[in-house]
Number of protein chains: 4
Amino acid sequence: MDVPSRFHFTHHRLVEFADTDLAGIMHFANFFRFVESAEHAFFRSLGFRVHTADGHEHQGWPRLEVTCQYLKPARFEETLEIGLRVSELRNSSLTYGFWVFGPGEGRSLVAKGSCSIIHVALDTKAHQLRKAPIPAALRHALENMMAG
Amino acid sequence: MDVPSRFHFTHHRLVEFADTDLAGIMHFANFFRFVESAEHAFFRSLGFRVHTADGHEHQGWPRLEVTCQYLKPARFEETLEIGLRVSELRNSSLTYGFWVFGPGEGRSLVAKGSCSIIHVALDTKAHQLRKAPIPAALRHALENMMAG
Amino acid sequence: MDVPSRFHFTHHRLVEFADTDLAGIMHFANFFRFVESAEHAFFRSLGFRVHTADGHEHQGWPRLEVTCQYLKPARFEETLEIGLRVSELRNSSLTYGFWVFGPGEGRSLVAKGSCSIIHVALDTKAHQLRKAPIPAALRHALENMMAG
Amino acid sequence: MDVPSRFHFTHHRLVEFADTDLAGIMHFANFFRFVESAEHAFFRSLGFRVHTADGHEHQGWPRLEVTCQYLKPARFEETLEIGLRVSELRNSSLTYGFWVFGPGEGRSLVAKGSCSIIHVALDTKAHQLRKAPIPAALRHALENMMAG
């Protein structure tokens, strides 16, 4: 998982006070909140929303698997840069890598990892969850990016 | 808001690492998570659940107003004691006071405040929210406590 | 606590997925995280940081008291506007009101409340916490705003 | 990563309202908070604390790497069981697997993954962080468990 030469999407987010813990740095679980924010902004940039609801019929993207390596601490009031790159596109699911960089000139790598997510349709009345194909327009947009 | 001689419910909860911030103490917003946990345990002790869903028809208890005074810091791995006392019972809403105590013999007061909550029925399909009377059995249980 | 004609500071923040709860709206405790973000951005806009540490000597601004009234739900992917206005400036502490608005043309009031915060110096080695006067330059900046 | 026949430690924790998101289930990042709670309870059960501070000299256990596979949703008011098993013990770091089970008779596997953590000494005055050997007594306790 070397840093790719080009990301499919880049997002920035400030480390807030409530993101830190008593070790004085961002709590490790909050990296996943930051990456999720980047992912949702990526979807929005393509004209899609990660979660839609029409009454008891929801569509969403739960996680299948996540990994993260922590390389350096992230500190209060640092603006982190999160780069995403889709590595695999399947029928109903996809995997992307993420790379989180610290602020400033050094722009050192703070963390990196991957998320596999699956597109699902959820009937909250019947309590039924089933996988759903990735919408064609989204698939097309992602395929273009991955080919580019 | 003096400490009452008797609580309607008492709950204990450990301050976890993820509850702290870089000041080395529990983040102030997390007191509300602790108080909410105590409230939900209180409801369960009376045989009720704070949130139920049947398809697109939900019942819940959103907050109307909260207050909190912070008297002492709460620290990692301290078990806090949270006492609740209902002070006002209305048709669809109620108000309770909360008192949060630190661990050990001193059992000093760490925080105190109040929550006003309202019983609502939510139709997630029609996007309609309306206040709903407090269920009779719950009202009866609370009235008995307040009289006792 | 009517909406003031002018705020001392205005901040915007997106409601993220992780900010919501199973009622489908922003969890009530997270409003305090949003308000805290606005407060810290306000301090930064004045050239100050809310938390500094030099070894075991910290300076910070813990909360004395907070209140919040919840008027409307805040939903996923809404950008909220948070207006702050300092209402009282004391030797070591201050109180500000906050008003949180929903997105779009309606810009309806979602929540409002207040925070009282105190300036402290903390010696983490001696475990001593004492209140500290508000720095003169910050006091001056705030007084100018309040007079304006 | 099959479910082991025996865990080194087992912990229980209730899914709280604030742990859920608008998909109606526990937010994926909160699984790491639950696992961290289990880890810290494990350390306490062995007579150790994961974080100690003496003035500007801290000792702690930051994360090197985490992974998690999500198999089933976890829901509000479910009590989850978290089993831990140390798989590798190195000079300054260790890796454990975790398995999260749902409530009731089925006790189905909800999530599983791993955490690698490292023992560090942090000088918050000099801003120096260095890895520190695992304390001998802790190493001894863990070796006994792994042999048993």
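**View 1. The exposed residue C:S5 in the segment before β1 of chain C.** With a relative accessibility of 84%, C:S5 counts as exposed, a label given over 50% relative accessible area, whereas buried means under 20% and partly exposed lies in between (1.4 Å probe, protein chains only). C:S5 is placed in the segment before β1 (9–14) of chain C, where strands are DSSP runs of E with at least two residues, numbered from the N terminus. From C:S5 to C:G60 the separation is 55 residues in sequence and 30 Å in space, C-alpha to C-alpha. The model is a predicted one, in which local features need pLDDT of at least 70 and side-chain atom pairs count only at pLDDT 80 or more, while totals for chains, interfaces and linings use all residues. Residues are numbered from 1 along each chain as its sequence is written, chains are lettered from A and ligands numbered from 1 in the order in which they are written, and side-chain values use heavy atoms, with hydrogens and water left out.

View 2. D:S92 lies in the loop between β5 (79–89) and β6 (93–101) of chain D, and its relative accessible area of 8% makes it buried. Neighbours within four places in sequence being left aside, the residues in contact with D:S92 (heavy atoms within 4.5 Å) include D:W61, D:I117, D:H119 and D:P133. A polar atom of the D:S92 side chain is 3.4 Å from the backbone oxygen of D:A132.

**View 3. The interface of chain D and chain C.** Each chain is represented in the contact, with 14 residues from chain D and 14 residues from chain C. About 1300 Å² is buried between chain D and chain C, 65% of it given by carbon and sulfur atoms; buried area is the accessible area (1.4 Å probe) that two parts lose on being put together, summed over both. Of the area that chain D buries against chain C, D:F17, D:L22 and D:G55 supply 41%, more than any other three residues. Between these chains there are zero salt bridges, a salt bridge being a side-chain nitrogen of Lys or Arg within 4 Å of a carboxyl oxygen of Asp or Glu.

Key. Helix = DSSP H or I, 4+ residues; strand = E, 2+ residues; numbered from the N terminus. Polar contact = N/O pair within 3.5 Å; in protein donor to acceptor, adjacent residues only side chain to side chain.
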